[in-house]
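Please look at the sequence and the structure before reading on.

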Amino acid sequence: RGSLMKTRVFLIGLLVAAIAGVTWLLVPRETPPAQTRLLPELATRIDEVSALKISPLADPANGLRIARTADGWQVEALSDYPADFGQVADLLNTLSDISIAELKTARSENHARLGLAADSEVPGTLVELEFPDDRQAVIIGQRAGSRGSFVRFPEASQVYLVQPVVRAATQAMEWVNDIIYNVDSADIQGVTITHADGRTLQAQRNAETNELQLLGQPAGTELS
């Protein structure tokens, strides 16, 4: 009788194990969630961005605006001087690519130490993207070393650690295109510079030496 009881217990154990195995196979296992983009719609709307506004978080009224025009991107604060297209494209592409690596604090009293409040010791930057029909804005705070940047949306308290690091200069001069006219120096045959007081300085390429030489200047004078 004892032997029969042991056999029943053994068979019941096998049945339970079999059922558990089948259940384990049937129940779907969770896969690690894919990284979530902070601005998921931006990748398909980059060409719709009509302007960028970049402001110090502590003084948003003194932000700079870079507008897309028929002549390209222009820095409005510098009399619509051409902006560096590569730099504008880099920022837009970075914003469209940044992904949420970690959820951080959602307590507003912690924003200041992360550069995400106006009263931070080193306040962050408010970046606004303007579209024909709406706008998006994000506050970029301190860097977390090489791991990324702390960010949050202006209307929310939740802080995110995003990757990669986001940088956005707040000084207008840092956005200008420093190439006035792109030309091969070897093609220049002469240069005339007229000063505000009317004085002129001229240089002409010497046919023999193929070098630019000052005209009307003492011998040995060089351009510097």
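In this predicted model, ten strands make up an open sheet with antiparallel pairing, in the order β1-β6-β10-β9-β8-β7-β2-β3-β4-β5. The strands at its edges are β1 and β5 (81–82); each has a single partner strand, so one side of each is left without a neighbour in the sheet.

Strands β2 and β3 are joined by four bridges and pair in the antiparallel sense. Strands β3 and β4 also pair in the antiparallel sense, over four bridges. Between β3 and β4 there are two residues, and the two strands form a hairpin. The table gives some of the residues that stand opposite each other.

| Residue | Opposite residue | Strand of the opposite residue |
|---|---|---|
| Leucine 52 | Isoleucine 66 | β3 |
| Alanine 67 | Glutamine 74 | β4 |

Helix α2 lies across β1, β2, β3, β4, β6 (99–103), β7, β8 and β10 (160–163), and runs at about 85° to β2.

Which residues of α2 are buried? They are Val88, Leu91, Leu92, Leu95 and Ser96. Seen down the axis of α2, these buried residues fall within an arc of 130°, so they line one face of the helix. The elements that cover them include β1 (36–37), β2 (51–56), β3 (64–69), β4 (72–75), β7 (125–130) and β8 (135–143).

**The three-stranded sheet**

Another open sheet has three strands in the order β11-β12-β13, and its pairing is antiparallel. At its edges stand β11 (190–194) and β13 (212–214); each has a single partner strand, so one side of each is left without a neighbour in the sheet. From one strand to the next, the twist averages 20°.

Strand β12 (residues 200–205) runs antiparallel to β13 and is joined to it by three bridges. Arginine 205 has leucine 212 in β13 as its bridge partner.

Notes. Residues numbered from 1 in each chain as written. Predicted model: local features only at pLDDT ≥ 70, side-chain atom pairs only at ≥ 80, totals over all residues. Heavy atoms only, no water. Buried < 20%, exposed > 50% of the residue type's maximum accessible area, 1.4 Å probe, protein only. Arc of directions from axis to C-beta. Contact = heavy atoms within 4.5 Å. Pairing = 2+ DSSP bridges. Axes fitted to C-alpha atoms, helices over the stretch in contact; angles between N-to-C directions.
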